[in-house]
Amino acid sequence: MSTRPTKDQLAAAHNATIPDVIAPGLDVLFCGINPGLYSGALGQHFARPGNRFWPALHAGGFTPRLYAPSEQDQLLDLGLGITNVVARTTARADELSDDELRAGGKLLVAKVLEYRPRWLAVVGITAYRTAFGFKKARVGRQEHRIGDTFVWVLPNPSGLNAHWTPAELGKEFAVLRAASRRRRNR
């Protein structure tokens, strides 16, 4: 279990980066908008206690139990990984400019083409729309692909996203899980 970062550690984490949890040929590469300061201070993706990524991942059937952020590297054994549209940490996602999101989208495309996951799952519809220029995109499977990689957009699991309850997030993750399993079995 991770320890809570101090105020000084949070301040020092501003503009830090966290290494991707990635390997070639993953089933699903989850992609956050960018890491928060809490994640940057701990060096773990989706580390803030109020973030609902890990519970949604489990509720959606991707993990056999609820994983802690400190266990992120174990996702690779399940064919899963984590990256971000923008690598640098900020206190809030709204600190990112549209230009920075678009540049991050280009870097993400290059990363997907290199690592070739079956699915890219972007968690955050607004950031996805900006990064990729699909202004009318909705949560769910997207029409475009990146090379051979299918693209899915999930709701942002941040505790600040009150539009989606934990149960609804779990259901959306489960829909992606079912789709990813169908594609793999073809």
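How many bridges pair β3 with β5, and in which sense do the two strands run? They pair in the parallel sense, over 5 bridges. Before going further, a word on the ground rules: this is a predicted model, in which local features need pLDDT of at least 70 and side-chain atom pairs count only at pLDDT 80 or more, while totals for chains, interfaces and linings use all residues. Residues are numbered from 1 along each chain as its sequence is written, and side-chain values use heavy atoms, with hydrogens and water left out.

Let us begin with the sheet. It is an open one of 5 strands, in the order β2-β1-β3-β5-β4, with mixed pairing. At its edges are β2 (80-84) and β4 (140-146), each of which pairs on one side only. On average, neighbouring strands of this sheet are turned by 25° against each other, direction ignored. Axes are lines fitted to C-alpha atoms, for helices over the stretch in contact, and angles run from 0 to 180 degrees between N-to-C directions.

Now follow β3 (residues 119-123) through its partners. Strand β1 (residues 28-32) runs parallel to β3, and 4 bridges join the two. Within this pairing, Val28 stands opposite Trp119, and Phe30 has Ala121 as its bridge partner. Turning to β5, you will find Leu154 as the bridge partner of Val123.

Is β3 mostly covered or open? It is mostly covered, with 5 of its 5 residues buried; buried means under 20% relative accessible area, exposed means over 50%, and partly exposed is in between (1.4 Å probe, protein chains only). Both faces of the strand are covered: Trp119, Ala121 and Val123 lie on one side, Leu120 and Val122 on the other.

Next come the helices. Helix α4 (residues 98-115) lies across β1, β2, β3, β4 and β5 (149-154), and runs at about 80° to β4. Two packed helices are described by the angle between their axes and the distance between the axes. For α4 and helix α5 (residues 125-132), the axes come within 7 Å and cross at roughly 80°. That makes α4 roughly perpendicular to α5, on a scale where angles under 35 degrees count as roughly parallel, over 145 as roughly antiparallel, 65 to 115 as roughly perpendicular and the rest as oblique.

Which residues bring α4 and α5 together? From α4 come Asp98, Leu101, Arg102, Gly105, Leu108 and Val109, and from α5 come Ala127, Thr130, Ala131 and Phe132. Contact here means heavy atoms within 4.5 Å. By class, this contact has 6 nonpolar, 2 polar and 2 charged residues. For these classes, Ala, Val, Leu, Ile, Met, Phe, Trp, Tyr, Cys and Pro count as nonpolar, Asp, Glu, Lys and Arg as charged, and the others, Gly among them, as polar.

Leaving aside residues up to four places away in sequence, Ala127 touches Ile33 and Leu101. Its C-alpha atom is separated by 10 Å from that of Val153, 26 residues apart along the chain.

Finally, the charges. Side chains of opposite charge can pair when their charged atoms come close. The structure holds 8 salt bridges, each defined as a side-chain nitrogen of Lys or Arg within 4 Å of a carboxyl oxygen of Asp or Glu. One of them joins Glu100 and Arg88 (2.5 Å, N to O). That pair links distant parts of the chain, with Glu100 in helix α4 and Arg88 in the loop between β2 and α4, 12 residues apart. Glu100 is partly exposed at 23% relative accessibility, and Arg88 is partly exposed at 22%.

Another salt bridge joins Arg102 and Asp99 (2.6 Å, N to O). Both residues lie in helix α4, 3 residues apart, about one turn of the helix. Arg102 counts as partly exposed at 34% relative accessibility, whereas Asp99 is exposed at 55%.

Definitions and conventions: Two strands pair if DSSP finds at least two bridges between them.
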